[in-house]
Amino acid sequence: MHPTADANNLSPAVLSPSSAMSSRKRKAEDDGSSGGDDERMSASPSASPAISSRPPPRGMKRMRTNVSGRPLPLPRLLETLNADEMRNLLQSICQRHPDIGNEVVSTAPRPSIQSTLEVLAKYEAAFQAAFPFGGRSSSDYAYNRVRQQLAELLDSLKDFTPHFLPPYEQQPATSLAFLDGATDIIHRLPDWDTYQHNRPKQEAYEEMAKAWAIVIREAAKKAGGIQLQYGGWDQKVAKHNEASGGKMQEAVNELRGGLGWMAADTPSSAASGPPDAMSIRQQLLSGHYAIGSPARIGAW
């Protein structure tokens, strides 16, 4: 048997070792490439659950999911109330609970002259706004239209005035300044055609004259009455008495008595004053000052 014939008769199924190794290598590469593609597809962001459940940034509050209706907290509720609503609410609470009302009175800051006169000015503005258009402002018809607002103005004046009187108010300058502004309000009230309708204004003058007398009496006792000597109050009281038609005479009499003993203690003090003040002061001291006096009163 020839060797060449045997080599040619070998079966094609019999492979060389190198051929088998090459075949297995290509199969492994094919398997690896397909596995890499699967891994890359599984790592796609759209399929990753970690990104979709990312927590909110630190410091940002998460919205409640169980929201339901509930009343406002007290600080938020108070923020929505205007001044009138707050005042009415507080007044209602104080009326139901007097102990709370006493605490409010004892702890609230004391009203100033400016704030009090501003409140009185609001009442006066409401009174003026209530007048009807046309016709005489002093008629009975006009009086009936403004009677309620007039009563509210005079009641507020009656309530505020004692707050600025001694012994509660210790500073005569504060008391005198308030009375000066409050008396001007009474001057601006109309004189009605019917006599009975003028009675509230006359009573207001009487009460104001008593208040002036109290303050003048106390002011004369403090610091030698310096507030009365150098504050020009003799002119102001005389002017108020003239504008009221003599209804402030009680205050004039009290001022005359105070200036009398002060003038005796300091006889040269009047000489240094202005001529107008000197004229009125001398008339007050002598008791000759009267309504319609020709003595000129300086601006004040």
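Reader: Hi! What sort of model is this, and how many helices and strands does the protein have?

Author: Hello! This is a predicted model. The protein has 14 helices and 0 strands.

Reader: Thanks. How much of the protein counts as buried?

Author: Of its 300 residues, 29% do.

Reader: And what share of the contacts with a separation of 6 or more comes from residues 24 or more positions apart?

Author: Those pairs account for 66% of them.

Reader: Let's zoom in. How do the axes of helix 7 and helix 8 cross?

Author: They come within 8 Å of each other and cross at roughly 165°. An angle over 145 degrees counts as roughly antiparallel, so that is how helix 7 and helix 8 run relative to each other. The crossing is left-handed.

Reader: Which residues make that contact?

Author: On helix 7 they include Leu120, Tyr123 and Phe127. Helix 8 contributes, among others, Leu150, Leu153 and Phe160.

Reader: New topic: where is Ser138?

Author: Ser138 is in the loop between helix 7 (113-129) and helix 8 (140-160).

Reader: Is Ser138 buried or exposed there?

Author: Buried, because its relative accessible area is 15% and the cut-off for buried is under 20%.

Reader: Which residues is Ser138 in contact with, leaving aside neighbours within four places in sequence?

Author: Asp191, Trp192 and Asp193. With Asp193, the side chain of Ser138 makes a polar contact to the side chain at 2.9 Å.

How values were computed:
Residues numbered from 1 in each chain as written. Predicted model: local features only at pLDDT ≥ 70, side-chain atom pairs only at ≥ 80, totals over all residues. Heavy atoms only, no water. Helix = DSSP H or I, 4+ residues; strand = E, 2+ residues; numbered from the N terminus. Buried < 20%, exposed > 50% of the residue type's maximum accessible area, 1.4 Å probe, protein only. Contact = heavy atoms within 4.5 Å. Polar contact = N/O pair within 3.5 Å; in protein donor to acceptor, adjacent residues only side chain to side chain. Axes fitted to C-alpha atoms, helices over the stretch in contact; angles between N-to-C directions. Parallel < 35°, antiparallel > 145°, perpendicular 65-115°, else oblique. Left-handed = near helix turned anticlockwise from the far one by under 90°.
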